[in-house]
Amino acid sequence: MRRNPKRALTTGSVPTVAFLIIVNMLTLIASTTRIALTRSAHHHLHRYARHRSLSRKSFPCPLWSSSFSFCLQNPRGSTSLSLSTACSSAASAASAASAPPIPPRAPPMADAGAGVEGNPLLRDFEFPPFDVVEAKHVRPGILALLKDLEGDLEELERTVEPSWPKLVEPLEKIVDRLTVVWGMINHLKAVKDTADLRAAIEEVQAEKVKFQLRLGQSKPVYNAFKALQESPDWNMLSDAQKRIVESQIKEAVLNGVALEDGKREEFNKIEQELEKLSKKFDENVLDATKKFEKLITDKKDIEGLPATALGLAAQTAVSKGHENATPDNGPWVITLDAPSFMAVMQHARNRALREEIYRAYVTRASSGDIDNTLIIDQILKLRLEKAKLLGYNNYAEVSMAMKMATVDKAEELLEKLRSASWDAAVQDMEDIKHFAKSQGAAESDDLSHWDINFWSERLRELKYDINEEELRPYFSLPKVMEGLFNLARTLFGIEIEAADGLAPVWNSDVRFYCVKDSSGKPIAYFYFDPYSRPSEKRGGAWMDEVVARSCVLSRDGASARLPVAHMVCNQTPPVGTKPSLMTFREVETVFHEFGHALQHMLTKQDEGLVAGIRGIEWDAVELPSQFMENWCYHKDTLMGIAKHYETGENLPEDVYKKLLAARTFRAGSLSLRQIRFASVDLQLHTKYVPGGPESVYDVDRRVSERTQVIPPLPEDRFLCSFSHIFAGGYAAGYYSYKWAEVLSADAFSAFEDAGLDDSKAVQETGQRFRETILALGGGKAPLQVFIEFRGREPSPDALLRHNGLLPIAA
Ligand SMILES: [Zn+2]
C-alpha cells in the first residue's frame with residue numbers, strides 16, 4: 001500500500017502527506033492498516049489482483065519490511081552480550097548512560113477533560129493493559145495524549161539542535177508514544193470490536209491524522225536533520241543512524257517540506273485533489289460492484305456451484321428481498337463481489353452465465369455517471385505534476401524513492417519473469433484446451449476468458465484431488481505450533497516458552513510467549529490470538545508490532561526495551577477434546593505471520609525508528625514471511641507437523657507429493673497475470689503522457705499483447721477498477737508482489753544450496769539469516785542486507801525454479 005500505511009503508523013517517521021491521507025482513508029474504509037491477510041486473501045489477490053480487496057478488508061500482506069546488515073561486533077555466539085551492551089554503544093551512549101529509568105508518565109493535564117484520571121491509555125506500562133481498555137477511554141485518552149504530544153513537539157521545535165539527543169531521541173519518543181497507544185486501540189478494534197469502540201476511534205481519527213501531518217511537515221525538525229547531515233558529527237553516526245537521518249530527509253522532501261512557499265501551496269493543492277480523486281475512484285468501483293446483481297430462479301442455470309456458493313447466493317437473495325430464498329431451491333443472486341464472482345467463474349457450468357458475469361466484471365465503473373476514465377487521467381496528470389514539482393522525471397521515481405527497487409530494476413525483473421513464463425502459460429492454455437475437448441466441451445476450440453478458470457479448476461481437481469477438509473485432522477494447531485517453534489530453534493537458535501499470565505490479554509484464548517536466546521535470556525515477547533470470533537474479530541490473519549526494540553525507550557535506562565509482537569489468526573476453535581484443526585493453507589498462513597514476527601522480535605537494532613519491521617522498504621518487507629512459508633513444503637518440517645490428531649499417523653506420502661505438485665499448477669499463467677498488472681502500472685507512471693495520443697486503454701492493450709495469451713476483450717476496462725494503483729497506494733508499486741517473491745525464494749534457496757538434509761549447514765545458514773535479514777531491521781539498505789546474507793544480489797532463478805518455470809537442463 002502506498003508507501004506503506006503500515007510504515008506510516010508504525011514508524012510514524014514523518015511520512016508523506018499523501019501517504020497519511022491514504023492511511024487515513026484505508027483505515028476508514030478497510031479498518032485495517034495492519035499486516036497480513038488470510039492466506040486465501042493473499043492467494044486471491046495474487047490471482048485476481050484486479051479485484052478490489054480494500055473494501056473487503058483484505059490487503060495483500062502489507063507488512064513490507066526489509067532488513068539491515070550486520071554491524072554488531074560479534075559475528076556469532078554471545079548474542080546476549082551484543083544485546084546488553086548495545087544501549088551504551090554508539091551515539092546513544094551519552095543519553096542512555098546518563099538517563100535515569102523512565103519515570104511513569106507525567107500526570108495528564110488537569111484541563112484535558114473528563115476521563116483522563118486513571119485512563120489506561122495514558123498509563124506507563126511494560127505490556128499494554130489490553131484487558132481494561134474500553135471505548136469510553138478512547139476519546140479522553142487520545143485527546144489528552146495528542147495534547148501532550150503537541151506540547152512535546154512544540155518543545156522539540158523550540159529546542160531542537162542537530163544532534164542525536166536533541167533531535168532524534170525526542171522525536172522517537174513522540175513517534176513511539178503515538179504509535180504504541182494508537183496501535184493498542186487499533187488492535188482492539190480488530191480483535192474485540194464493538195460499535196462504541198469503532199465510533200470512539202472514528203471520532204478522534206481526524207485529530208490524530210492532523211497531528212501526524214503537522215509532525216511530518218515540521219520545518220524546524222527537517223532543518224535540523226539537514227544540519228545534522230552536514231555537520232562534522234555526521235561521520236560519528238552509525239550506519240543505522242545515518243539511514244534514519246537520510247530517510248527522514250527524503251520523506252520530508254517527498255512531503256513537500258523542502259519546497260518554497262508558493263510551490264508548497266501548489267503541492268498541497270495537488271495532494272488534496274489527489275485524495276479526493278482516489279476517494280471518488282474507490283466509491284465508483286464500490287457503487288458499480290453494488291449496482292450489479294443477477295437474479296437466477298432456475299436451478300439449471302447455476303449448476304456446478306458448490307454448497308457454500310449456493311448458500312451465499314441465497315443469502316444475498318434474501319438480503320435483496322427474496323425472503324424465501326434457500327440454497328437448494330433459490331432464488332439466487334449473483335453479484336460482482338469476489339466470492340460470488342469467483343464461484344461463478346470457477347464452477348458454473350452455464351457458459352452464458354459465466355460470460356455475462358465476466359463482461360460485467362471487467363467493465364465495472366467504465367460508463368455512465370460512474371465512469372472512472374476521466375478520473376484515471378486526472379490522477380495520472382496530477383501525479384506527474386507532483387513528481388515534476390519535487391524534481392523527478394515521473395511518478396514512478398517518486399514511488400521508488402523510498403523502495404528497494406528502482407524503475408529500471410523493476411522493469412528488468414518483470415521482463416525476465418515474463419519471458420520465462422510465456423511458454424508455460426501457452427502450454428497451460430493448450431492443456432486446458434485438450435482437457436476441455438476430452439470432456440466433450442463444445443467451446444474447446446474457442447476458449448475465452450470466461451472458460452479458463454472453469455476448465456482449469458476441473459483439471460486441478462482431476463490432477464491433484466486434494467480435499468482440504470480431509471486434511472484438517474493432520475494439522476492440529478498445537479502440533480503445528482510445536483513444529484514451528486522447533487523449526488525456529490533449529491534455524492535461529494531461539495527458545496519459545498509459554499509466558500501466559502505475564503501480560504494482560506484481551507481474550508482468554510490469547511496465548512503469550514517469551515522468546516529466549518540460546519543463553520536463556522529473554523529477547524522478545526509475543527501474543528498469539530488463534531481462533532475465529534466472528535462477532536468481534538476481523539477475518540484473516542496478520543501480525544503487527546506492539547512495541548519495537550529501542551534504547552531510547554529503555555525501561556531501566558541500561559538495556560533496550562524488548563520488542564513485542566502480536567499474531568492473529570482465525571482458526572476454527574477447539575470443540576470438546578478436539579483441538580483446532582487447520583487447512584494446509586492456514587498452516588502456511590501461520591508460518592507467514594510468524595516470519596514477520598521473527599523479523600520484528602529477533603532484531604538487534606537498538607535505534608527504535610529502524611528496529612524490527614520499522615523503516616524497512618515495503619517491497620522488501622515480505623521477505624521473511626514468504627521465506628517461512630517455504631518450510632511448509634519441506635518434507636521433514638511438514639511431516640514433523642502433520643500427524644493425525646487422533647491416531648498419530650503421518651500424512652500419507654502421496655498427499656504430500658500432491659501438495660508439492662499442486663504448487664506449480666498454472667504457475668506460468670498466474671505469473672503472467674501479475675506481470676500484466678505490474679507492467680501497466682509502471683508504464684502508466686513512467687512513459688504515459690496524460691492527454692497524449694495514447695489512451696490508458698491503449699497502454700493496457702499494448703502491455704497485454706506481451707502478457708496475455710488470449711488478448712483482452714476490446715471493451716475490457718479493468719483499469720477502471722484497478723483500485724490498488726488508483727486508490728490504494730500501490731501506484732508504481734504493484735511490481736512489489738513479484739519483487740518480494742523473488743527475494744524470499746532466493747533466500748530460501750540459500751538453504752537448498754547448503755543442503756536441506758545437512759543439519760549443520762541448515763543451522764549455519766539459519767544463523768546467517770538471523771544475523772542479517774532478521775537482525776538488522778530498517779537500519780541498512782535492504783539490498784545490502786540481502787547481499788550480506790546471500791553473498792550476491794537477488795536472482796529470480798530460485799523463484800522460477802520453484803514455480804517450475806526454468807527450463808530443465810537435458
Ligand atoms: Zn505478509
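Is A732 buried or exposed, and at what relative accessibility? In this predicted model, local features need pLDDT of at least 70 and side-chain atom pairs count only at pLDDT 80 or more, while totals for chains, interfaces and linings use all residues. Residues are numbered from 1 along each chain as its sequence is written, and side-chain values use heavy atoms, with hydrogens and water left out. A732 counts as buried, at 0% relative accessibility; here buried means under 20% relative accessible area, exposed over 50%, and partly exposed in between, with a 1.4 Å probe and protein chains only.

The chain has 31 helices and seven strands, taken as DSSP runs numbered from the N terminus (helices H or I, at least four residues; strands E, at least two). Of its 810 residues, 61% count as buried. Among contacts (heavy atoms within 4.5 Å) with a separation of 6 or more, 76% are between residues 24 or more positions apart. Zero disulfides are found in the structure, a disulfide being a pair of cysteine sulfur atoms within 2.5 Å.

Two helix pairs can be described in detail, with axes fitted as lines to C-alpha atoms over the stretch in contact and angles running from 0 to 180 degrees between N-to-C directions. Helix 13 (residues 338–347) packs against helix 18 (residues 449–464) at about 70°, the axes lying 6 Å apart. The two are therefore roughly perpendicular; angles of 65 to 115 degrees fall in that class, those under 35 count as roughly parallel, those over 145 as roughly antiparallel, and the rest as oblique. Helix 13 contributes M342, M345, Q346 and H347, which meet W450, N453, F454, E457, R458 and E461 of helix 18. This contact comprises four nonpolar, three polar and three charged residues (Ala, Val, Leu, Ile, Met, Phe, Trp, Tyr, Cys and Pro count as nonpolar, Asp, Glu, Lys and Arg as charged, and the others, Gly among them, as polar).

In the second pair, the axes of helix 21 (residues 584–601) and helix 22 (residues 623–630) come within 7 Å and cross at roughly 140°. Helix 21 and helix 22 are therefore oblique to each other. On the helix 21 side the contact includes F591, F594 and L598, and on the helix 22 side P624 and M628 are among the residues involved. By class, five nonpolar, six polar and two charged residues make up this contact.

S476, in the loop between helix 19 (468–471) and helix 20 (477–492), is buried at 5% relative accessible area. Beyond its neighbours within four places in sequence, S476 touches P579, S580, L581, M582 and Y645. A775 sits between helix 29 (759–774) and helix 30 (782–790) and is buried at 2%. The C-alpha atoms of A775 and Q605 are 6.6 Å apart, although 170 residues separate them along the chain.

The peptide bond from G330 to P331 is cis, with omega near 0°, and P331 lies in the loop between helix 12 (307–319) and strand 2 (332–334). D465, a residue other than glycine, has a positive phi near 45°; D465 is exposed at 54% relative accessible area. A732, in the loop between helix 27 (723–726) and helix 28 (736–754), likewise has a positive phi, near 50°.
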